[in-house]
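Please open the model in your viewer and keep the sequence beside it, then follow the stops below in order.

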Amino acid sequence: MTLTFVRDPQLTPALREGLARLWLDVSQAGGAVGFVPPVTAEDIAPVMRRQLEDMAAGGTRMLAAYERGAGGRLVGTTFLKLNSHHLMTHWCTLITVMVHPTLQGGGRGKAMLREAIEMARDLDFHAVRLGVRGGEGIERFYETVGFKEVGRVPAAIRVAPDDHRDDITMWLPLV
C-alpha cells in the first residue's frame, strides 16, 4: 500500500476522529506515543486536544499519512513542534510519530519520516530533534533515516512503578 501525505491538513471532525482512533490503536499496541497500555480514548482525548490547540495556534505543524484508495483512512502522523525561544527557532522537534500497528514493517514509517524531514527543510529548519523512549530499540529505526543519538537521560520515563526507561534525544542536521 502506498501512502498519501498531507501537510497541515484541515482540522475537520473526520480528521479528529481518525487521529483519536489511530492514537488509541498505536497506544494499545505498545507504541511510545505518550501512553502505556491499557489506555482508553478518554485518556488520550485531553492530550490530543492540547496538541491540536497548539496546532491551531501555529505552534505545531502536522503531517498526515492516508491510505491511498477508497476511504483514505488516516494511518500515520507526525507533528513538527516549533520552538518559541528566539535562539532556537532554527530547529523543530518531531512529536507523536506513529504509523498504524497493522502497517508497520513495510517501509511506510520511513516514507513518512522522509516526508516530515522534507517538510522541515521546506520550512527552512536547520535541524530536527526527536525524543525516543528507550527499551524498545526504536532508536535504530530513526538512525536508518539519518538521526543520531546525541543524549540520554537514564530512567527518566516511568512506564510502570518498577519499569523506568531512558529518555533518548536524537538529532538530524538538515544543512
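Which residue of strand 3 does Thr60 stand opposite? Select Thr60 and look across to strand 3, where Lys81 stands opposite Thr60.

Before going on, note that residues are numbered from 1 along each chain as its sequence is written, and that side-chain values use heavy atoms, with hydrogens and water left out. This is a predicted model, in which local features need pLDDT of at least 70 and side-chain atom pairs count only at pLDDT 80 or more, while totals for chains, interfaces and linings use all residues.

Next, select residues 74-82, which form strand 3; strands (E, at least two residues) and helices (H or I, at least four) are DSSP runs, numbered from the N terminus. Strand 3 pairs in the antiparallel sense with strand 2, residues 60-67, over seven bridges, and also with strand 4, residues 91-99, over six bridges; pairing requires that DSSP finds at least two bridges between two strands. On the strand 4 side, find Gly76, which stands opposite Val99. Seven of the nine residues of strand 3 are buried, so strand 3 is largely enclosed by the rest of the structure; buried means under 20% relative accessible area, exposed over 50%, and partly exposed in between, with a 1.4 Å probe and protein chains only.

Now select helix 1, residues 13-28. Its buried residues are Leu15, Gly18, Leu19, Leu22, Trp23, Val26 and Ser27, and they pack against helix 2 (41-56), strand 2, strand 3 and strand 4, where contact means heavy atoms within 4.5 Å. Turn to the other side of helix 1, where Pro13, Ala14 and Glu17 are exposed. Finally, select Gly30, which follows helix 1 and has a positive phi, near 95°.

Methods:
Expected span 1.5 Å × (residues − 1).
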